[in-house]
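Please load the model in your viewer and keep the selection tool at hand.

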Amino acid sequence: MFPVLAILFVWMSASIFGFASGSFNLTLPHQHPDPDSVADELQRTVNASVWRRKMLSIESKDQTFSCLTGNPIDDCWRCDPNWAANRQRLADCGIGFGRDAMGGKGGKIYIVTDSSDLDPANPTPGTLRHAVIQFEPLWIIFSADMTIRLKYELIINSFKTIDGRGANVHITGGGCITIQYVSNVIIHNVHVHHCKPSGNANIRSTPTHVGHRGLSDGDGISIFSSRKIWIDHCSLSYCTDGLIDAIMGSTGITISNSYFSHHDEVMLLGHDDRYVQDSGMQVTIAFNHFGEALVQRMPRCRHGYIHVVNNDFTAWEMYAIGGSAQPTINSQGNRYTAPVDPNAKEVTRRLDAAETEWAGWNWRTDGDILVNGAFFVPSGAGLSTQYGKASSVEPKSVALINQLTMNAGVLGAPRYNTGQGIVYPGFNGENGGNGDEGYGGNTVINNSPIYENGGANGNDDYYGMIFKANGHRVLPLLPSINLCTQIIILLYIVTNYSGLFTI
């Protein structure tokens, strides 16, 4: 009897305690098996674009030189004078871990003509909400300049591109953008700002499904258990929670050519040290401008592999790159300009770990430009010259950083004056506007009473947000069902086959 019962006990224990300890699979099914090769390929792409621009500058007879920047994404499509007739070419211009994001490539063009958001449960045809919930691939463009004031979070379905080129598009209000349990989404050339918590309402997520949503965090863009996501040429600021958060096993993400300003906790990659499934998270952060009035989290990483390459960090108050739970940070060819505060010169910040622990984390700086006393503390394999296949990257000059990031943010928008950053008419700075006071732009927000646990110390209760009913935490349903099933099977075997258990 003992061997059979022992086997059953081990089977049940593995299931029960495996879930309780959070020991999910340590990798995600869609992560790249060799992340260093992706970083290496990105650098080869940059080098090729820079070389092409240099050669054409010598052969100045070629008129295409004037539009080339060396930025491989922009040089892929911006030099085509008929780009508006071939918008979907953009989907072939991706780089990094999100390079396979197709968006709405191959689908119809959907023209948003109505900026309203009157009924999120039954969106009006012609609105952005009606476009993003459809099942089929769609390439979504805009008929004119518009400000879309969301009533609740905008839930995007798979295979969608939001393409703001040719119009001045602002997305603001409740939510704002939620990318949850989907794949192949491209968000390009839109302003996302003054996003505040909203919810406790019915919201349509597909043509056939309307569901009740709890209170959202007020992220600019929230990526939840999703893959193949590309965010490019967006301007983000003044949101209640993060400007971009990617959590719960999301992977295959590129965030590029965007302009971040006026915010505290800018970007969160991985929501909880206990959620080891985020070990498969892979994110590329490239050619972005981190600008005025930023405090921290550019990004703040847990687990995973984060490639931070050719960005311009011009301001922070606490730190630029932070992490816990042993993420791999590959920092290459960035410019880090430290603030005046002598206590905030360090680019990096290890959180919730003693030096004896984080000394083994792989954090590497390669070719970074450190300005005004900034310093990067490497660790682990990052201390070795043999770190990964991207170790051959040459340091980038200041002029090249300027060239690669000169068009960061929404294309065609007014450029930002030093010290001023982004100004949105109709919105009153950090206190919001048009009835948004108390949410939009408040950079010290996680101590707000809307949160059970203050997030300033990294203690946001995401598990509680997911597994709660009527304000009280409940056990997840799935393990409870599994446990009951196992007990029933055990009792059935013991009752009906007790003769097998006799010694």
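Select C67, which counts as partly exposed because its relative accessibility is 28%, and then C79, which counts as partly exposed at 25%; here buried means under 20% relative accessible area, exposed over 50% and partly exposed in between, with a 1.4 Å probe and protein chains only. This is a predicted model, in which local features need pLDDT of at least 70 and side-chain atom pairs count only at pLDDT 80 or more, while totals for chains, interfaces and linings use all residues. Residues are numbered from 1 along each chain as its sequence is written, and side-chain values use heavy atoms, with hydrogens and water left out.

Now display the sulfur atoms of these two residues: a disulfide (a pair of cysteine sulfur atoms within 2.5 Å) joins C67 to C79, with an S to S distance of 1.8 Å. The link of C67 and C79 is right-handed, with 120° about the S-S bond. C67 lies in the loop between α2 (35-58) and α3 (72-77), and C79 in the loop between α3 and β1 (108-112), so the pair ties together parts that are twelve residues apart in sequence. Helices (H or I, at least four residues) and strands (E, at least two) are DSSP runs, numbered from the N terminus.

How many disulfides does a search of the whole structure find? The search finds three, and the next one to select is formed by C76 and C93, whose sulfur atoms are 2.1 Å apart. This pair links distant parts of the chain, with C76 in helix α3 and C93 in the loop between α3 and β1, 17 residues apart. The link of C76 and C93 is left-handed, with -70° about the S-S bond, and both C76 and C93 are buried.

Move on to C176 and C195, which form a disulfide with their sulfur atoms 2.1 Å apart. C176 lies in the loop between β6 (169-174) and β7 (177-180) and C195 in strand β9 (residues 191-196), so this pair ties together parts that are 19 residues apart in sequence. The link of C176 and C195 is left-handed, with -105° about the S-S bond, and C176 and C195 are both buried. When the bonded cysteines of the protein chain are numbered in sequence order, the pairing reads 1-3, 2-4, 5-6.

Centre the view on I179, which touches residues including I156, V185, I187, I221, F224 and I229, not counting residues up to four places away in sequence; contact means heavy atoms within 4.5 Å.

Finally, switch to a cartoon view and find the ten strands that form an open sheet with parallel pairing, in the order β1-β2-β5-β8-β13-β16-β20-β24-β27-β30. Two strands pair if DSSP finds at least two bridges between them. The edge strands are β1 and β30 (363-366), each pairing on one side only. Within the sheet, select strand β13 (residues 227-232) and strand β16 (residues 251-256), which run parallel and are joined by five bridges. Which residue in β16 is the bridge partner of I229? The partner is I253.
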